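Dear colleague,

Please find below the sequence and the structure that I am handing over to you. My findings follow directly after them.

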Amino acid sequence: MMSSKPTINYGLEGIYVDESSISKVDGQNGKLWYRGYSIEDLAERSNFEEVSYLLIYGKLPTQKEYDEFVKKLKERREIEPEIRNIIKKMAPVAHPMDVIRTATSMLVMYDNDPNNRATEATIDKVITLIAKVSTIAAATGRFRAKKSYIHPDNSLGHSENFLYMLTGKKPTKFESKLIDLMFILHAEHSTNASTFSVLVTASTLADVYAATTSGIGTLKGPLHGGADEAALSMMNAIGNPDNTEKYIEEALEGKQRIMGFGHRVYKTYDPRAKLVRSYLEESLTKEPSDEVRRLLQIALRAEKLMIDKLGSTKGIWPNIDFFAGPLYRVMGIEGQMFTPIFVASRMAGWGSHIVEYWHNNKLVRPLEYYSGSVDLKYTPIEAR
Ligand code: ACO
């Protein structure tokens, strides 16, 4: 007999699945805190290494703690030749997110105790992941471009070393600031689709490599992390800034989503998007390329139109992925590498959530309302 249909919260919208002290997203007021510190303060005054420490340990490090943490990250940046070889094989034929998912999964081979879930052991694995996934992402970009692998440079900070390994050029001071900003802003964002996916896998007591690999698969989609690449593709399709309004109007009439706008939690301007936008505007003072100028013009016209049309009516505002593309182009990074950078920095947030979740682990197993038949009579294949 069919039970009465329960209320179903599609997409888990509005459902609390856990309690956490890692980050708070205030979607009504457009605010974000990591462990109580505002994203604006961290973006201006901290760096990715310190933010990672803060997320993992729940407090800002002393100088000694910071130095030890940075030392560990630097010592672990290099990736094994077998991983480099797989990246080299895959990079010319697969999307970078597929390459990174595979290479991150391979890291389990070099851990002689992958199932040790004690807090200190888990933190140690998370530090390894933060250190190595940036190198995996940079190597993917190098091999995609048919260039040779660049070894980490330990005189550089974490994110600027990533940029150096990707481009082969030592970043300017401004480029170092930009890439570190993007690493900080992408490091953590509460229980979104990919973090939830990481926790679902971790809840089965699978290892941290399996859990973070799940997260990479989930982040790839254009409704989530993949929106940064999709938003840049849209700006390129618009081409000329004067086409912006016509393009967007037609897309909306055709019920298409405008990538880089809208958010399940933010019903106002995403504070991370505001920061990316302000640094993008600052880049105008640094003689940017014609391409960047054009992209910025398109982005600003699209932003105005979307806010006028859908801001107050539907709560659809720019999210972090909208201005990210043009800012990455300031650094010369190609579109398919945007989401991999998201992965490299989000390792800190995903790892922190695994550490926290395992303090009080509970298998994730929601329910599904069955609307099919029961007790059908089986007919042998020859009688069908
Ligand atoms: N462009 C046009 N319309 C939109 C957009 C958009 N980007 N986003 C939402 N809408 C509209 C929907 O069509 C829907 O309209 P309707 O009520 O008339 O049918 C309404 O707003 C609500 O949309 P939902 O999809 O129900 O809202 P949800 O909370 O599920 O969506 C999401 C959130 C998936 C992020 C959505 O806004 C979207 O698709 N945005 C584009 C992709 C994107 O930028 N994703 C990145 C998010 S940030 C991140 O993950 C890092």
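In which segment does aspartate 375 lie? Aspartate 375 is placed in the segment after H16. Please bear in mind throughout that this is a predicted model. Although aspartate 375 is not a glycine, its phi is positive, at about 55 degrees. Its relative accessible area is 78%, and because exposed means over 50%, aspartate 375 counts as exposed.

Lysine 255 is not a glycine either, yet it has a positive phi of about 60 degrees. It sits in the loop between helix H12 (244-253) and helix H13 (271-283). With 74% relative accessibility, lysine 255 is exposed.

Tyrosine 269 is found in the loop between H12 and H13. Is tyrosine 269 buried or exposed? Its relative accessibility is 10%, and since the limit for buried is under 20%, tyrosine 269 counts as buried. Not counting residues up to four places away in sequence, tyrosine 269 touches Gly30, Lys274, Arg277, Glu303, Ile307, Trp317, Pro318 and Phe323. Asparagine 319 is 50 residues from tyrosine 269 along the chain, and the C-alpha atoms of the two are separated by 6.9 Å.

Domains

The domain assignment divides the protein into domain 1 (19-221 + 335-360) and domain 2 (227-330). Between them, 30 residues from domain 1 and 26 residues from domain 2 take part in the contact. The centres of the two domains, taken over C-alpha atoms, are 25 Å apart.

Helix H16 covers residues 338-357 and includes threonine 339. At 1% relative accessibility, threonine 339 is buried. Which residues does threonine 339 contact, leaving aside its neighbours within four places in sequence? They are Met97, Leu219, Gly225, Gly226, Asp228 and Glu229.

H16 also packs against helix H6 (residues 119-144): their axes come within 9 Å and cross at roughly 175 degrees. An angle over 145 degrees counts as roughly antiparallel, so H6 and H16 are roughly antiparallel to each other. From H6, the contact is made by Thr119, Thr122, Ile123, Val126, Leu129, Ile130, Val133, Ser134 and Ala137. From H16, Pro340, Val343, Ala344, Met347, Ala348, Gly351, Ile354 and Val355 take part. By class, this contact has 13 nonpolar and four polar residues, with no charged residues.

Both of these helices also bear on helix H5 (residues 96-106). Why is H5 described as largely enclosed by the rest of the structure? The reason is that eight of its eleven residues are buried. The buried residues of H5 are Pro96, Met97, Asp98, Val99, Ile100, Ala103, Thr104 and Met106. What covers them includes helix H4 (81-90), H6, helix H10 (208-219) and H16. Met97, one of the buried residues of H5, is also among the contacts of threonine 339.

Helices H7 and H8

Two packed helices are described by the angle between their axes and the distance between the axes. For helix H7 (residues 158-167) and helix H8 (residues 173-186), the axes come within 8 Å and cross at roughly 110 degrees. The range from 65 to 115 degrees counts as roughly perpendicular, and H7 and H8 are therefore roughly perpendicular to each other. Their crossing is right-handed. H7 contributes His158, Ser159, Glu160, Phe162 and Leu163 to the contact, and H8 contributes Glu175, Ser176, Ile179, Asp180 and Phe183. These residues divide into four nonpolar, three polar and three charged.

Serine 197

One further position concerns helix H9 (residues 193-203), where serine 197 is located. Serine 197 has a relative accessible area of 15% and is therefore buried. Which residues does serine 197 touch, not counting those up to four places away in sequence? Serine 197 is in contact with Ser214, Gly215 and Thr218. Isoleucine 216 lies 19 residues from serine 197 in sequence, with a C-alpha to C-alpha separation of 9.1 Å.

With kind regards

Methods:
Residues numbered from 1 in each chain as written. Predicted model: local features only at pLDDT ≥ 70, side-chain atom pairs only at ≥ 80, totals over all residues. Heavy atoms only, no water. Helix = DSSP H or I, 4+ residues; strand = E, 2+ residues; numbered from the N terminus. Buried < 20%, exposed > 50% of the residue type's maximum accessible area, 1.4 Å probe, protein only. Contact = heavy atoms within 4.5 Å. Axes fitted to C-alpha atoms, helices over the stretch in contact; angles between N-to-C directions. Parallel < 35°, antiparallel > 145°, perpendicular 65-115°, else oblique. Left-handed = near helix turned anticlockwise from the far one by under 90°. Nonpolar A, V, L, I, M, F, W, Y, C, P; charged D, E, K, R; others polar. Domains from an automatic or database assignment.
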